[in-house]
Amino acid sequence: MKKQETAQIITLLAGNYNNIAEKNKEQKQMMLNTWQECLGDLDYKLVLQAVKKTIIESPYPPTIHDIRKNAIEMINPTIQRTAIEAWNEAYSMICNGVYMTEEQFKTASPEVQKFFGNVRQVKELALTDLKTVNTVTKGQFLKQYEVITEREKQQKLLPEQMQQMIGNLSEKLNIKKIGGIKQ
């Protein structure tokens, strides 16, 4: 989205919410810059529809979060499985885990893959007794599933540029240790 288009979005919001319209020139410029930085990676028409949707749904001025959330929801409707449905997939993988290949592991849903981490973990759990799998592992999975899916939702809300910056920072901060010595 171009800066001029972001200005049009803010003008639309100012026409619907007095507290935006009443901002002074400096405040409006700051708002324009912030909204451009945080929404500029999205298509103008998508943002426009998300703003209109938000105006219809709420009598309160939307935040950048509200607009991004609605925009992302419009292009990627959330059809989230329940934790139990995901557990059924994970349990099936564990039951067949001794013979599981890397290719089979990669066909699992992203959330289940994140829980296990790699095919080796599935194979190790396949060697565990079913009572432990059905109690301890299931409990761990159900707790982690909520964390994993919430983290994914939050990640999708971030602009592409921020996601890349966070990824780069994570790589830089991942300090390797060899023999207990930081390098």
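In H3, the buried residues are Met31, Leu32, Trp35, Gln36, Cys38 and Leu39. The model is predicted. An α-helix has 3.6 residues a turn, so residues three or four places apart point the same way. H3 itself has 15 residues. From its first C-alpha to its last it reaches 21 Å, close to the 21 Å expected at 1.5 Å a residue. Its buried residues pack against H1, helix H2 (18-21), H4, H5 and helix H11 (160-173).

What does Trp35 touch, not counting residues up to four places away in sequence? Its partners are Thr6, Ile9, Ile10, Leu13, Gly40, Pro62, Thr63, Ile64 and Ile67.

Met74 sits in helix H5. Its relative accessibility is 34%, so Met74 counts as partly exposed, the class between 20% and 50%. Residues up to four places away aside, Met74 touches Leu46, Gln49, Ala50 and Lys53. Val51 is 23 residues from Met74 along the chain, and the C-alpha atoms of the two are separated by 12 Å.

Thr149 belongs to helix H10 (residues 130-157). Is Thr149 buried or exposed? Thr149 is buried, because its relative accessible area is 9%, and buried means under 20%. Leaving aside neighbours within four places in sequence, Thr149 is in contact with Gln80 and Glu111.

**Salt bridges**

Side chains of opposite charge can pair when their charged atoms come close. The structure holds five salt bridges.

| Side chains | N to O distance |
|---|---|
| Arg68 and Asp41 | 2.9 Å |
| Arg81 and Glu89 | 2.7 Å |
| Glu152 and Lys114 | 2.1 Å |

Start with Arg68 and Asp41, which meet in a salt bridge. Arg68 lies in helix H5 and Asp41 in the loop between H3 and H4, so the pair ties together parts 27 residues apart in sequence. Arg68 counts as buried, at 4% relative accessibility. Asp41 is partly exposed, at 38%.

Arg81 pairs with Glu89. Arg81 is partly exposed, with a relative accessible area of 28%.

The side chains of Glu152 and Lys114 also meet in a salt bridge. This pair links distant parts of the chain. Glu152 is in helix H10 and Lys114 in helix H8 (residues 110-116), 38 residues apart. Glu152 is partly exposed, with a relative accessible area of 27%. Lys114 is partly exposed too, at 46%.

**A nonpolar surface patch**

Which residues form a nonpolar patch on the surface? Val98, Tyr99 and Leu127 do, with about 400 Å² of accessible area together. Val98 is found in the loop between helix H6 (83-95) and helix H7 (102-106). At 43% relative accessibility, Val98 counts as partly exposed.

Methods:
Residues are numbered from 1 along each chain as its sequence is written. This is a predicted model: local features need pLDDT of at least 70, side-chain atom pairs count only at pLDDT 80 or more; totals for chains, interfaces and linings use all residues. Side-chain values use heavy atoms; hydrogens and water are left out. Patches are made of residues with over 30% relative accessible area and no salt bridge: like charges are joined within 9 Å, nonpolar side chains (Val, Leu, Ile, Met, Phe, Trp, Tyr) within 5 Å. Accessible areas come from the Shrake-Rupley method with a 1.4 Å probe; for residues, only the protein chains shown count as cover. A salt bridge is a side-chain nitrogen of Lys or Arg within 4 Å of a carboxyl oxygen of Asp or Glu. Helices (H or I, at least four residues) and strands (E, at least two) are DSSP runs, numbered from the N terminus. Buried means under 20% relative accessible area, exposed over 50%, partly exposed in between (1.4 Å probe, protein chains only). Contact means heavy atoms within 4.5 Å. The expected span of a helix is 1.5 Å times one less than its number of residues.
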